[in-house]
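Here is a friendly briefing on one protein model, grouped by topic. Have a look at the sequence and the structure first, then read on.

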Amino acid sequence: MTFRTKLFWVFTMALLLSVGVIAAGVTIVARRAFDESSRQHSEALVAQFKDEFQRRGQDVVHRVQGIADAEGTVRMAIDLSRAKSDVSVYVNDARGVSQSHQLDFLDFVATDGAIISSNEWPARFGYKMDWLTQQPNWAAVGSFLTRVETQDGPALGLMAVSRVRVGDRDLYILGGERLGKDFLSSLALPEGMRALLYMDLQPNFDATDFVDAGGLVSDGDRLAAFIEQERQSPEERTFRVSWNANPESAEAFHALPLQGRDKELLGVLLIGSSQRDVVTLERRIRDLALAVVAMGLFFGLLLSWWGAARVTRPVQKLVQGAREVSEGNWGTRVSVRGGGDIGRLAAAFNRMTTQLTEQREQLVQAERVAAWRELARRLAHELKNPLFPLQTTVENLQRAKQHNPDQFEEVFRESTGILLSEIENLKGIVGRFSDFARMPQPELGPVSLNDVVRGVVKLFEAQFGAVGRPPITSELHLEENLPVIQADAALLRRALENLILNAMDAMPAGGVLMLRTSHADGGVDLEISDTGSGLTPEECERLFTPYYTTKHHGTGLGLAIVQSVVSDHGGRITVESETGVGTSFHIRLPIKPGAHGAVVAAIAAPPSSAPTTAAHPAETPVDEPTADATAAPGPSPAEAQVHPAAEPAANPEATSGEGS
């Protein structure tokens, strides 16, 4: 992810977080404010209902008392107090009196509780209302809510009772108003609020008992569960109802239970507050937040582009400069204008590359001298051995000439043979160093590494199962569809031959030789593992040092050749070993070699006019073993190329494996 992208996402997340927090905060505050306003309105309506209920109750008490105090009522009471009075003459009086006093319900009841006249249900003449006679002081009771039986069914009434006493007989006047839609229409409701009344007149919930100021409530059955809660436990409570999927249809209700004289539930008043305004406000807040986010994202994109242009361009220049340095161009300089941290970083980078160039030159000079000193020491060591017998032979010739002239011819013949043999040895030594100096550069072309592995292993199959030698089992684990690489097939074969010879020397008692190929991250991998005696950590550290060997044969150039070939292909080689378990060589080759080896080539250059490749510490040609390599132990053609006649038993390039 680029810095520009990161900057954009950071700005976006910060914007979303801040706008989201603000929008959520405003929404919560607005919701709480609306809830508080709705609560206050509901409480005000409840208080208004209670006031209206009390006012109308007092009004009912006054009107019922007015009926009781009327002359006609007094005469009725006096007449009914006489013995054998005829009550039937008063059966229709309640209708006219109720109309004149604007009462919905009115009953005249005798001292024994029998109905004398009823406005709401005239046919109930003679029915008993014993509960009226059980209260000694109705004046102290005032108005009350009760269930009223009418000829159209039960109703809810706000009632009052007055008593007229004549002698030892009483006349009870029960009157009141119907509590229903007319009562609700008298309430002053703010916009967005409504009052519902459920009259609990049936054993079970009945939606037809739900009314508002306009009549029956539609979808009243949706409130059945809440009414049932009130019936189980009458108390004031609030709840919310969503009438459909639209959030604007939600309505908050405040429930007020209406109880009778004996605290029985007779009705429930519901004050509803529409949530349309708060939902609309929340939607506007959300839309505004989305608009702010959209504008913020647009400006964030512009800001990220501007910030990236100010920051990432210099960083990209530094990255490109670092890439060039990694590819060997140590003289790279980065041009970054301006000050600040980026400018100081660019200046430090330029100082670093300058110092690296200077240190490289110093290192090249020091390593070049060290390399040539090592070559001189090795060459002197190689030449010292044949020079001693040469000197001894010449001295023997001189002594024979001086002291035994008659035997000189015989000594001469023997000495010339020794001289010629040692001269051939010297020529072989010089030839090896000459070949080492003429290690060719890779001629790149399309190469299948799997084909190279199969070809080299096939050349050694005869030696793996040679008679008189413990068998070596080869295992190939070659990845299918391995990418074709750009390489020198001949040099890769030589390097692989050296590694296989090295593994064979490491397994004198036989074992398993495993070769595996794979690819990843733009390159191919080759692993060569044996089950030999293994190496110590100290031997692993010096494994690729030219001329290093712990064997009794070999020149110590085998793995130096391998390292040179791998390095010339832009790859790398590593070794893993465990004493008593075996050794694994891991070769990593790029699919297409890039710039590499600049420092090594510079170090390998001679201090004056010597060929620049003469000191390369890893370049000695090893000819391929032929397909008819001898089945018996002994030097292969590759061994004959590297090791002269003076070392006939040498197994040439196997100088730095488990026997190095």
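**Sheets, a cavity and surface contacts**

Six strands form an open sheet in the order 8-7-6-11-10-9, with antiparallel pairing. At its edges are strand 8 (215-216) and strand 9 (237-242), each of which pairs on one side only. This is a predicted model, in which local features need pLDDT of at least 70 and side-chain atom pairs count only at pLDDT 80 or more, while totals for chains, interfaces and linings use all residues. Residues are numbered from 1 along each chain as its sequence is written, and side-chain values use heavy atoms, with hydrogens and water left out.

**Strand pairing**

- Helices (H or I, at least four residues) and strands (E, at least two) are DSSP runs numbered from the N terminus, and two strands pair if DSSP finds at least two bridges between them.
- Strands of a sheet pair through backbone hydrogen bonds, either parallel or antiparallel.
- Seven bridges join strand 6 (residues 193-199) to strand 11 (residues 265-274) in the antiparallel sense; A195 has I271 in strand 11 as its bridge partner.
- Strand 17 (residues 572-578) and strand 18 are also antiparallel, over seven bridges, and I573 stands opposite I587 in strand 18.
- Three residues lie between strand 17 and strand 18 in their hairpin, and G580 in the turn has a positive phi of about 85°.

**The largest cavity**

- A cavity is a set of points, on a 1 Å grid over the protein atoms alone, where a 1.4 Å probe fits but cannot get out; lining residues have an atom within 4 Å of a point.
- Grid points are joined across faces, edges and corners, and a volume is the space filled by probe spheres set on the points.
- There are three cavities of 30 Å³ or more, and the largest cavity holds about 80 Å³ of space.
- Helix 11 (449-464), helix 12 (489-506) and strand 18 (582-590) each supply at least two residues of its lining, with helix 12 giving the most, four residues.
- Among the lining residues are L449, L492, L526, V566 and I587.

- The whole structure has 20 salt bridges (a side-chain nitrogen of Lys or Arg within 4 Å of a carboxyl oxygen of Asp or Glu).
- R75 and E71 form a salt bridge at 2.8 Å, N to O; they are four residues apart in helix 2 (residues 71-81), so about one helical turn separates them.

Terms used:
On a 1 Å grid over the protein atoms alone, a cavity is a set of points where a 1.4 Å probe fits but cannot get out, and a pocket is an open set with protein on both sides within 12 Å along at least five of seven lines; lining residues have an atom within 4 Å of a point.
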